[in-house]
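Let's take a friendly walk through this model, with an eye on its rings and its core. Have the viewer open as you read.

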Amino acid sequence: MNRINKKFQELQSKNKKAFIGYLTAGDPNIEKTEEFVYALEKGGTDIIELGIPFSDPLADGPVIQDAGLRALNAGVTVDKIMDLVKDIRKNTEIPLLFLVYYNTILIYGKEKFIRTCEEIGIDGLIIPDLPLEERDELEKIMEYDKLCLIPLVAPTSKDRIRKIIDGCNGFVYCVSSLGVTGGKSNFYSDIQSYLQDVKENSSLPIAVGFGISCRDDIKRLEDHVDGVIVGSAIVREIKRSKGDVIVLKEYIESLTK
């Protein structure tokens with residue numbers, strides 16, 4: 001069973017919610033990213049997203065944009081990130097996702113990218129700019145039980161929710177606002193109704209992200225979802241603490257405990 005599906009089943013059996021944490025791969029460098037993965041896991045993170053830096057990240061706010069730029073300036077490449085995952089997999093079985101833009105996959109080669117992800121132990125892909133109409137090309141390559149294609153839905157998805165989710169696996173990533181990542185808890189005004197709509201249209205677990213930065217945000221949303229996703233706040237804390245892994249672990253514990 002895919003590690004993501006297994007993790008959600010395990011958490012649901014314990015009546016717990018998934019905490020999903022995001023890291024920009026290569027910020028400030030590859031070696032520190034590996035340390036951050038272990039710090040997140042020790043702090044109570046259940047699933048980790050690794051963002052592959054991209055020059056024009058349409059869904060990312062300034063915090064993650066800046067982190068991506070730092071990583072690119074430090075010389076990070078897709079191959080180096082793949083090697084990073086190989087090293088991480090020697091030490092942990094925590095579910096790992098790539099948040100990756102479609103252009104990166106196209107340049108790398110669709111089949112090569114998918115096969116490499118499956119071989120090194122990536123469990124899922126979040127592709128913010130993948131058009132629904134072009135998704136079939138990737139689904140034909142992917143082995144359903146090895147690699148999950150995580151659907152992204154937003155408050156504006158409405159009648160398209162069922163179509164967006166159809167054929168996907170793992171969980172549904174519910175965007176909590178109409179903006180980019182890193183906002184200050186400016187959640188969609190009717191967020192509870194929106195999350196309920198998603199639940200009614202899918203048998204997959206649902207997780208909510210964008211703008212979640214503190215324990216109060218998590219408490220406000222966790223009764224309505226199966227997991228919460230924290231990204232920009234983690235990246236911001238890494239920069240603030242100058243990459244101190246002990247501080248990072250304690251920060252994650254403040255969100256998960």
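Is Tyr 108 buried or exposed? With a relative accessible area of 16%, Tyr 108 is buried, because the cut-off for that label is under 20%. Please keep in mind that this is a predicted model.

## Rings around Tyr 108

The model holds five aromatic pairs. One of them is stacked: Phe 54 and Tyr 101 sit 5.3 Å apart centre to centre, with 20° between the planes. This pair ties together distant parts of the chain, since Phe 54 belongs to the loop between β2 (47-51) and α3 (62-73), while Tyr 101 belongs to the loop between β3 and α5, 47 residues apart. Tyr 101 is buried, at a relative accessible area of 1%.

Tyr 108 itself pairs edge-to-face with Phe 113, at 5.8 Å centre to centre and 85° between the planes. Phe 113 is buried too, with 0% relative accessibility. Together with Phe 98, Tyr 108 and Phe 113 make up one aromatic cluster.

## Helix α6 and its cover

Phe 113 brings us to helix α6, which spans residues 110-120. Its buried residues are Phe 113, Ile 114, Thr 116, Cys 117, Glu 118 and Ile 120. An α-helix has 3.6 residues a turn, so residues three or four places apart point the same way. With that in mind, you can look for the spacing of the buried positions in your viewer.

## The nonpolar core

The largest nonpolar core has 91 residues, and the members that touch the most others are Phe 98, Phe 113, Leu 125 and Phe 171. Helix α4 supplies the largest share of this core, six residues. In soluble globular proteins, nonpolar side chains tend to be buried together.

Beyond its neighbours within four places in sequence, Phe 171 is in contact with residues including Ile 4, Phe 8, Leu 97, Ile 150, Leu 204 and Ile 229.

The C-alpha atoms of Lys 140 and Glu 111 are 9.8 Å apart, although 29 residues separate them along the chain.

Methods. Residues are numbered from 1 along each chain as its sequence is written. This is a predicted model: local features need pLDDT of at least 70, side-chain atom pairs count only at pLDDT 80 or more; totals for chains, interfaces and linings use all residues. Side-chain values use heavy atoms; hydrogens and water are left out. Buried means under 20% relative accessible area, exposed over 50%, partly exposed in between (1.4 Å probe, protein chains only). Helices (H or I, at least four residues) and strands (E, at least two) are DSSP runs, numbered from the N terminus. A nonpolar core is a set of buried Ala, Val, Leu, Ile, Met, Phe, Trp, Tyr and Cys residues joined through side-chain atoms within 4.5 Å. Contact means heavy atoms within 4.5 Å. Rings of Phe, Tyr and Trp (its six-membered ring) pair if their centres lie within 6.5 Å; planes under 30 degrees apart count as stacked, over 60 as edge-to-face and the rest as tilted.
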